[in-house]
Amino acid sequence: MADQGIPDAFLDGYARILAGAAATGRRLTRDELESRRALGERAAEAGHGLRALVGAHLDATRTHWPATVASHDRVLATVAQAVDAFAEGYERAQRLAVRQEEAARREFIDDLLYGRSDLGLIAQRAERFGLRLSFEHAVAVAQGTVAYDESDAVLREVERALIGRFGDRSILLTTKDGRLVCVAPGDQDEVLAFFAKQAYAATDGCQVAIGRPQPGAGGVVQSYEEALNALDLAERLELDAPLLRAADLLVYPVLTRDRQAMADLVHSVLGPMRDARGGARPLLDTLTAYFDAGCVSAEAARRLSLSVRALTYRLERVHQLTGADPSDPVHRYTLQTAVIGARLLDWPSVDF
C-alpha cells in the first residue's frame, strides 16, 4: 500500500516514467499520458480522494527521485505532466459519475411524480435519495412567471435555505415542468411552509400550493397532483394568495365533479344575465367581487372602482334578470355556487 492508504496499483509505472522521462527531458508519450488518465479514472471510481492521490504521487516522487539528473526542472516537469494527466482522468470519471447520478435522479423523480413505475421499486430507490416512502409525505409546488430547471440559481438558493434551517430531514427538492417541487415528510408541515416562504422570496413572488399528506409512493403522486390542481384552480378563479393548501380547496373539485350538472346550473341561474346591456360579464364580475368581499357592498365597490350606488344598481339588475336576490341568504348560496361554476368553466367566454 502507498502512503495515505492509496493502493500501489494506482501508481503503476510511475517510477519507470519518472526515471525515463526525467533522464532525457522528453515529454511523456501519448501512451504514458493515457495510462495516467486511465489510472485516474479507476482511482475516482474506487472512491479515493484527489488530494490523497496527489500526495501519494509526491511521496513516490521523493522515493524514486533519480540519483543522477542533469536538471531538477526535468524531473518536476515530468511530475507535472504525469499528475496533470492523472487528475484529468480522475475529473473525467467524476463528471461522468455526476451525469449518471443526475440522470438516475431525474428518472427517479419522473417515476415518483408520475407513478409510472412499480411502486415497490420506487420505494426501494427512494432510500437512495433520502426518502422513506413507508411514511406519509406531502408535496409543495411553486409556480413563477418563468420556468426553472435543476441548474437554476433559484433552486440552489432555496436548497441552501432549507438545509441551513432543517439540515437533513428527508427532504427532496427538485424541479418539474418548470416548477419548483419540494417533497417532505407529512408530519413536518413547517418544512413546506418554510419552502413556500423561501420560494416566494427567491422568485420575487411565485405562488405555492401544498398537497395533503398521503402514505406510500402512490401518495406522493396524489399529493403532487393535488398541489398542481390547486394552482390550476387558483388561475381559473383568479386567486392571488401566495400560499394555497389543497385541503382548503376541496369544495371546488366536488363542485366540478359533475361538469354537466354544473354547466346546467350556470346556464339556468346566470344565463338570463346575457340579456343585460354589455352582456353577462360586467354583472358576473360584480357578483364575484361582492361574494369575494364577504357581501360587503362598500368593499366590493372599492374593488371594482365603482360607487356603492352603482354597485347596488348592478345587484338589483341581477335580481331582475335572474330572479335571485344576492342579499337573500337563501338565494345567495345558489348564486355564489353558480358564479364559482362560471369561473371554473370560463363562462360566458365559453358557451355550452
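1. **Ground rules.** In this predicted model, local features need pLDDT of at least 70, side-chain atom pairs count only at pLDDT 80 or more, and totals for chains, interfaces and linings use all residues. Residues are numbered from 1 along each chain as its sequence is written, and side-chain values use heavy atoms, with hydrogens and water left out.

2. **Two helices cross.** Look at helix 10 (residues 259-270) and helix 14 (residues 329-345). Helices are DSSP runs of H or I with at least four residues, strands are E runs of at least two, and both are numbered from the N terminus. The two axes come within 9 Å and cross at roughly 115°. Axes here are lines fitted to C-alpha atoms, for helices over the stretch in contact; angles run from 0 to 180 degrees between N-to-C directions. The crossing is left-handed: the near helix is turned anticlockwise from the far one by less than a right angle, while clockwise would be right-handed.

3. **Who touches whom.** Contact means heavy atoms within 4.5 Å. Helix 10 contributes R259, M262, A263, L265, V266, V269 and L270. Helix 14 contributes T334, L335, T337, A338, V339, G341, A342 and L345. By class, the contact has eleven nonpolar, three polar and one charged residues. Ala, Val, Leu, Ile, Met, Phe, Trp, Tyr, Cys and Pro count as nonpolar, Asp, Glu, Lys and Arg as charged, and the others, Gly among them, as polar.

4. **Salt bridges.** How many salt bridges does the structure hold? There are 17. Each is a side-chain nitrogen of Lys or Arg within 4 Å of a carboxyl oxygen of Asp or Glu.

5. **R26 and E32.** This salt bridge has its closest N and O atoms 3.1 Å apart. R26 is partly exposed, at 32% relative accessibility. E32 is buried, at 10%. The cut-offs: buried is under 20% relative accessible area, exposed is over 50%, and partly exposed is in between (1.4 Å probe, protein chains only).

6. **R92 and E41.** Their side chains meet at 2.5 Å, N to O. R92 sits in helix 4 (residues 72-114) and E41 in helix 2 (residues 30-45), so the pair ties together parts 51 residues apart in sequence. R92 is partly exposed, at 31%. E41 is partly exposed too, at 22%.

7. **D110 and R106.** This salt bridge spans 3.6 Å, N to O. Both residues lie in helix 4, four residues apart, so about one helical turn separates them. D110 is buried, at 15%, whereas R106 is partly exposed, at 24%.

8. **A network.** Salt bridges with shared partners join E34, R37, E41, E88 and R92 into one network.
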